[in-house]
Amino acid sequence: CCTKCFEPDLAPANTDTNDVDNSTVDATTPTSTPPDTPSETTPTSPPPDTSSGSGNTGNEGETILPYSTSKERFQSLLKKIADSKYASIDSLTEDGTPQNKALRWLSDYDAFQIQVDHPDVPQRYALAVFFFATNHDHLQPNTNMKNDDIDSRSDAIMWSSHTNWLTRNEFCRWEGIECKIDNETLGDQFDSKVGDEAQGIVALSLPSHNVGGTLPAELGALQTLNRLDLSANALQGSLPDGLTKLEKLVILDLSFNNMTGIIPEAIGGCSNLQDFSLSQNHFDGSIPDQIGNLQNLE
């Protein structure tokens, strides 16, 4: 179906692990095992006090320790994200979900340790959910691949490249992310400190990156996004409702994937779309009449 058609201090933010009573941790308190993140997120040196044993053994015997073990921080982030309506309490607290992994990373293992009340929290969380949701354990071969750059082996488990993702860097320096700062669009070369203002993500572009799994609804938190290009990957599942809330979206290219389901009627609310491609997928049903509302399609 085709429709056209900063760098923070290296020292951990909170290294006092003695204030956590492991015997009374409730279901919403981060566990001692960190989410599966790229190796760049491992602290370069462990905190001086490791008596609580809150770390776990990483690659080659390294100990991965959290930058924060504050229950208050975790609970505050949990409430802030739940209030955003992009994730339910159940998905945030159920161990192993992309939402739970993203929350625990943001609270404890993110070396950036963004302030809970910073306006960029929803975007940093949403991107982390996207990362955990689309790095997959089992990737089925995709016969729709555009070229040989895609790793379509059944044992592939990671994006082909994920420079700076889930590291201490601002997300404007993560591979495939572009931000608009003072009317200038910046990507990997972005090198300023995070201030009090939200960074405007204008593009998420990872074509031919072996991105699999399913798209999470949390992408809807990227309200300034105007280009989403995840073409020639191995995405499955349906279009999430969150995408239909991106009113500034101009380019949406999800072609050459393995997506299924129907095209939601709400896509008609993305009135600024000019380039809309879902070709070479496995969508069902008919094209909704609301596509006619997209008067700017080229």
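User: Is F131 buried or exposed, and what does the term require?
Analyst: Buried means under 20% relative accessible area, exposed over 50%, and partly exposed in between, computed with a 1.4 Å probe on protein chains only. The model is predicted: local features need pLDDT of at least 70, side-chain atom pairs count only at pLDDT 80 or more, and totals for chains, interfaces and linings use all residues. Residues are numbered from 1 along each chain as its sequence is written, and side-chain values use heavy atoms, with hydrogens and water left out. F132 is buried, and F131 is likewise buried.

User: How many aromatic pairs are there, and which geometry do F131 and F132 adopt?
Analyst: Rings of Phe, Tyr and Trp (its six-membered ring) pair if their centres lie within 6.5 Å; planes under 30 degrees apart count as stacked, over 60 as edge-to-face and the rest as tilted. By this rule there are 9 aromatic pairs. Because the F131 and F132 ring centres are 5.8 Å apart and their planes stand at 85 degrees, this pair is edge-to-face.

User: What is the angle between the planes of W159 and W165?
Analyst: Both W159 and W165 are buried. Their rings form an edge-to-face pair with 4.9 Å from centre to centre, and the angle between the planes is 80 degrees.

User: Which side chain does the side chain of N258 contact?
Analyst: N258 counts as buried because its relative accessibility is 15%. A polar contact is a pair of N or O atoms within 3.5 Å; within protein, one must be able to donate a hydrogen and the other to accept it, and residues adjacent in sequence count only if both atoms are side-chain atoms. At 3.4 Å, the polar contact partner of the N258 side chain is the side chain of H282.
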